[in-house]
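Below are my notes on the model you sent. They are set out as numbered points, to be read beside the coordinates.

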Amino acid sequence: MTRKHLITMRDLGKADIHQILDTAASFKDVLKRDIKKVPALRGKTVVNLFYEPSTRTRTSFEIAEKRLSTDVVNFAVASSSVTKGESLFDTIKNIEAYGVDFVVVRHSSTGVPNFIAEHMDVSVINAGDGINEHPTQALLDALTIREHKGSFEGLEVAIVGDIIHSRVARSNMIGLQTLGAKVRYIGPPTLLPPQAPPGVKMYYSIEEGLKGVDVIIMLRIQMERMNKSFFPTTADYFCHWGLTKDRLAMAKKDAIVMHPGPMNRGIEIASDVADGPQNVILQQVTNGLAVRMSVLYHLSGGEHHA
Amino acid sequence: MAKELLNRKDIERIISRIAHEIIEKNKGPEGICLVGIQRGGVHLAARIAEKIKTIESASVPVGSLDISLYRDDLSLRKDHPVVRKTDIPFDISGKKVVLIDDVLFTGRSIRAAMDALMDYGRPAVIQLAVLIDRGHRELPIRADYVGKNIPTAKKEKIDVQLQEDGFEDNVQLIKAKE
């Protein structure tokens with residue numbers, strides 16, 4: 001893979017994704033050693049530029065960066081302070097002047113990672129741009145699925161909940177289709193797109209949608225992105241679309257339950273399912289570290305500046 | 001243009017000799033462990049361990065080591081290689097570790113391998129066994145056990161093919177194109 005940025009899952013072919021996952025699998029072994037650090041990216045500097053509050057993604061990136069021996073700088077910006085293009089431009093030009101190698105960026109607006117990649121001579125990794133994409137989440141989900149199911153060909157994957165506000169849903173849909181899996185969207189009509197993307201089946205009934213699926217990806221109900229009423233109450237939402245034991249029983253017996261976190265127990269997922277034997281949620285967290293190490297490693301080849 | 005340097009039988013004899021030399025030098029198989037460098041070295045390590053078993057009726061632990069993350073040319077490479085498995089399922093601290101590789105060239109891979117090993121523990125000694133030593137060292141490194149010394153020009157290539165990868169065992173010298 002000779003790529004400089006990771007901005008959208010559309011940039012990655014099947015072979016690219018498997019290459020990233022193969023290396024991530026080896027990084028999981030590194031993470032089990034006494035000495036968890038390798039010298040691969042010694043001397044490189046990473047700036048974590050987070051315009052949206054994030055604890056787990058930022059922490060995951062930061063640990064991954066440190067395990068690869070990079071120097072890490074966290075540039076946390078309060079979500080409200082910078083929304084104008086001009087100040088974003090000034091910020092990144094300042095950071096560029098520090099002479100950094102990577103920018104990991106999260107922003108509430110779609111396209112900010114692209115903007116940075118266009119205006120800055122660094123490798124850019126999209127850690128979530130608005131409701132658009134979150135490619136490293138899709139990659140860590142793919143690694144988790146591959147570990148449990150072996151391959152993707154013909155797998156039925158249901159993505160459940162707040163689809164329209166979810167960058168996780170979009171990146172997963174693109175990545176899983178590239179890998180050969182079939183994707184279903186399940187949720188209330190208000191939280192699904194008006195038209196199904198090519199190849200995606202949509203269900204308004206969770207009981208109907210979960211029938212025979214191999215993988216269930218639950219999404220967080222994102223109150224912070226909802227400026228109008230999409231459903232009456234959270235209790236009402238749970239009643240109709242929450243993942244309960246009974247509903248889980250509609251899926252294949254060996255189906256796995258995933259969630260990108262943080263979970264709203266009792267809203268999108270019942271506690272006994274979240275802690276149940278089919279959940280792989282903490283495995284996703286570990287895989288997140290390994291996948292992010294792998295992405296940094298594969299993007300850091302020399303002399304590919306466009 | 002390719003020239004055959006070693007055939008299946010030659011490789012078999014070399015494995016047998018190196019296995020004997022390892023036991024001789026270390027006065028028996030006690031405390032020895034073999035670590036093959038990905039990829040060719042891994043197969044050779046397994047074969048040497050097998051040979052030691054038939055000679056001494058003792059099994060020595062075998063591990064594999066990927067050195068990608070420890071290479072000194074990572075920042076120069078356009079395309080980073082997939083990181084393969086490092087699998088050392090035993091403690092190397094206090095052990096006599098024999099590193100095994102197919103071709104010894106600049107010595108940079110061995111430097112990387114030693115750095116990687118140190119992150120897994122503190123061996124009593126590290127020794128080096130290679131199938132081919134083709135010269136052109138760039139670091140002060142030499143092998144303890146050498147299958148065959150082959151003088152080469154820097155531009156030539158040594159191609160080691162092993163049956164574990166689906167080939168007939170053989171080693172070829174690929175001449176540089178003029």
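1. The model is predicted, so local features need pLDDT of at least 70 and side-chain atom pairs count only at pLDDT 80 or more, while totals for chains, interfaces and linings use all residues. Residues are numbered from 1 along each chain as its sequence is written, chains are lettered from A and ligands numbered from 1 in the order in which they are written, and side-chain values use heavy atoms, with hydrogens and water left out.

2. Chain A is divided into domain 1 (9-133 + 286-299) and domain 2 (135-283); the bounds come from an automatic or database domain assignment. The C-alpha centres of domain 1 of chain A and domain 2 of chain A are 25 Å apart. In contact across this boundary are 31 residues of domain 1 of chain A and 29 residues of domain 2 of chain A (contact means heavy atoms within 4.5 Å).

3. Between them, domain 1 of chain A and domain 2 of chain A bury about 2,600 Å², with 60% of it on carbon and sulfur atoms. Buried area is the accessible area (1.4 Å probe) that two parts lose on being put together, summed over both. On the side of domain 1 of chain A, the residues that lose the most area to domain 2 of chain A are A:M9, A:I131 and A:N287, together 25% of what that side buries.

4. The count between domain 1 of chain A and domain 2 of chain A is 4 salt bridges (a side-chain nitrogen of Lys or Arg within 4 Å of a carboxyl oxygen of Asp or Glu). A:K28 and A:E147 form a salt bridge, with their closest N and O atoms 2.8 Å apart. The rule also finds 15 residue pairs in polar contact across the interface of domain 1 of chain A and domain 2 of chain A, both residues at pLDDT 80 or more. A polar contact is a pair of N or O atoms within 3.5 Å; within protein, one must be able to donate a hydrogen and the other to accept it, and residues adjacent in sequence count only if both atoms are side-chain atoms.

5. Which elements of chain A each supply at least two residues of the side of domain 1 of chain A that touches domain 2 of chain A? They are α1 (14-30), α2 (56-67), β3 (102-107), β4 (123-129) and α11 (281-299). Helices (H or I, at least four residues) and strands (E, at least two) are DSSP runs, numbered from the N terminus. α1(A) gives the most to that side of domain 1 of chain A, with 8 residues.

6. The contact between the chains takes 19 residues from chain B and 24 residues from chain A. The area buried between chain B and chain A is about 1,800 Å², and carbon and sulfur atoms give 53% of it. B:L69, B:K78 and B:H80 supply 34% of the area that chain B buries against chain A, more than any other three residues.

7. Chain B and chain A have 2 salt bridges between them. A:R33 forms a salt bridge with B:D119, the closest N and O atoms being 3.5 Å apart. Across the interface of chain B and chain A, 11 residue pairs are in polar contact, both at pLDDT 80 or more.

8. Is A:K4 buried or exposed? A:K4 is buried, with a relative accessible area of 12% (buried means under 20% relative accessible area, exposed over 50%, partly exposed in between; 1.4 Å probe, protein chains only). A:D121 forms a salt bridge with A:K4, with the closest N and O atoms 3.1 Å apart. This pair links distant parts of the chain, 117 residues apart: A:D121 is in the loop between α4 and β4 of chain A, and A:K4 in the segment before α1 of chain A.

9. B:D133 lies in strand β5 (residues 125-133) of chain B and is buried, at a relative accessible area of 11%. Its side chain reaches the backbone nitrogen of B:G135 at 3.0 Å, and a polar contact of 2.8 Å joins the side chains of B:D133 and B:R137.

10. B:K154 forms a salt bridge with B:E138, the closest N and O atoms being 3.4 Å apart. Salt bridges that share partners join B:D72, B:R108, B:E138 and B:K154 into one network.
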